[in-house]
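Please keep the structure in view while I talk.

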Amino acid sequence: MITGKTKIIGIFGDPIEHTFSPLLHNSAFRELGLDYCYVPFLVKSERLKEAIEAIRALNFIGVNITVPHKEAVIPYLDEIKEEAKYIEAVNTILNNNGKLIGFNTDAYGFINSIFEEGVRVKGSNILLLGAGGAAKAVAFGILKEGGNLFVFNRTLSKAYKLKETFQKMGNIEIIKEINADIMKNFQIVVNATSLGLKDNDPMPINPNFLSRDQVYIDLIYKDTPLLKEAKKCGCKTLDGSGMLIWQAAKAFEIWIGKAAPLPLMKKIFKDKKNY
Ligand SMILES: NC(=O)c1ccc[n+]([C@@H]2O[C@H](COP(=O)([O-])OP(=O)(O)OC[C@H]3O[C@@H](n4cnc5c(N)ncnc54)[C@H](OP(=O)(O)O)[C@@H]3O)[C@@H](O)[C@H]2O)c1
């Protein structure tokens, strides 16, 4: 029940009605008996600055930031954590007594979701498909953990831009063309493009290049055509649901100062069609 003591956390985005985060966090608060409430807010771009100021004015604990505000929010914050500076996007804000601190929990989410499945990053050659917002979070996580990163993107200039941003963190090379020979070099392939969201999307790489000793990871939350082909070939596969849960768990920890109930969050995501 909401009382005068209930602490408020929000999520700002546009659109916002399809967000899954309120269910995830409010269920976690209930499970741990915490007097917190997580509320979605439709925030138009032209009102973003006012919405951010309202975090202080209304004494929110913090907020999540989602599409399309993750980059635009940066100038309105008092401090930006290292990973968010690299990724150039903030998805979590903590209100620390009026000081607004911006975090990005996607890289943590990606790395923890693959570590819990036993995927080894250190020293592995990892092909990253894509150079958008999600790809930058994956790049940060992989380089921080000592992986060798290879980036392929439809728009080559964006791949070079990504390299420029991240090269001081570790080994990073741009791949201009994918072929069977090049594919033999990679132990892990990550699809961070939006290809696979729609059923009739083309595959991000030719499935004939897959080999069974490779791990295929897709950031999309379902079995994409690429993951289905990889499964058929006998590869280990992971979809993006683990990353989503772990990034939410990290945000929870930032706001509350306690570990999130991960098993519950995973169960809610798995059963989400029933809610
Ligand atoms: N699991 C999670 O927690 C999580 C978190 C964030 C995002 N995601 C997923 O990650 C995916 C990417 O999100 P984002 O935020 O990075 O989007 P984004 O910034 O818009 O980047 C989209 C990427 O996909 C590429 N792309 C789009 N259409 C393409 C096509 N027809 N052919 C080849 N490449 C194409 C783009 O290439 P160009 O540069 O050439 O346009 C770019 O690299 C989405 O599917 C999203 O659902 C998952």
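One aromatic cluster is formed by F12, F41 and F60, where rings of Phe, Tyr and Trp (its six-membered ring) pair if their centres lie within 6.5 Å, and planes under 30 degrees apart count as stacked, over 60 as edge-to-face and the rest as tilted. Please bear in mind that this is a predicted model, in which local features need pLDDT of at least 70, side-chain atom pairs count only at pLDDT 80 or more, and totals for chains, interfaces and linings use all residues. Residues are numbered from 1 along each chain as its sequence is written, and side-chain values use heavy atoms, with hydrogens and water left out.

By the pairing rule, the count comes to eleven aromatic pairs. One of them joins F20 and F269 edge-to-face, with 5.2 Å centre to centre and 80° between the planes. Because F20 lies in the loop between β1 (7-13) and α1 (21-32) while F269 belongs to helix α10 (residues 262-270), the pair ties together parts that are 249 residues apart in sequence; helices (H or I, at least four residues) and strands (E, at least two) are DSSP runs, numbered from the N terminus. Are F20 and F269 buried or exposed? Both are buried, meaning under 20% relative accessible area, with exposed being over 50% and partly exposed in between (1.4 Å probe, protein chains only).

Turning to the ligand, a polar backbone atom of A131 is 3.0 Å from one of its oxygen atoms, and a backbone N or O atom of G240 lies 3.0 Å from a ligand nitrogen atom, a polar contact being a pair of N or O atoms within 3.5 Å; within protein, one must be able to donate a hydrogen and the other to accept it, and residues adjacent in sequence count only if both atoms are side-chain atoms.
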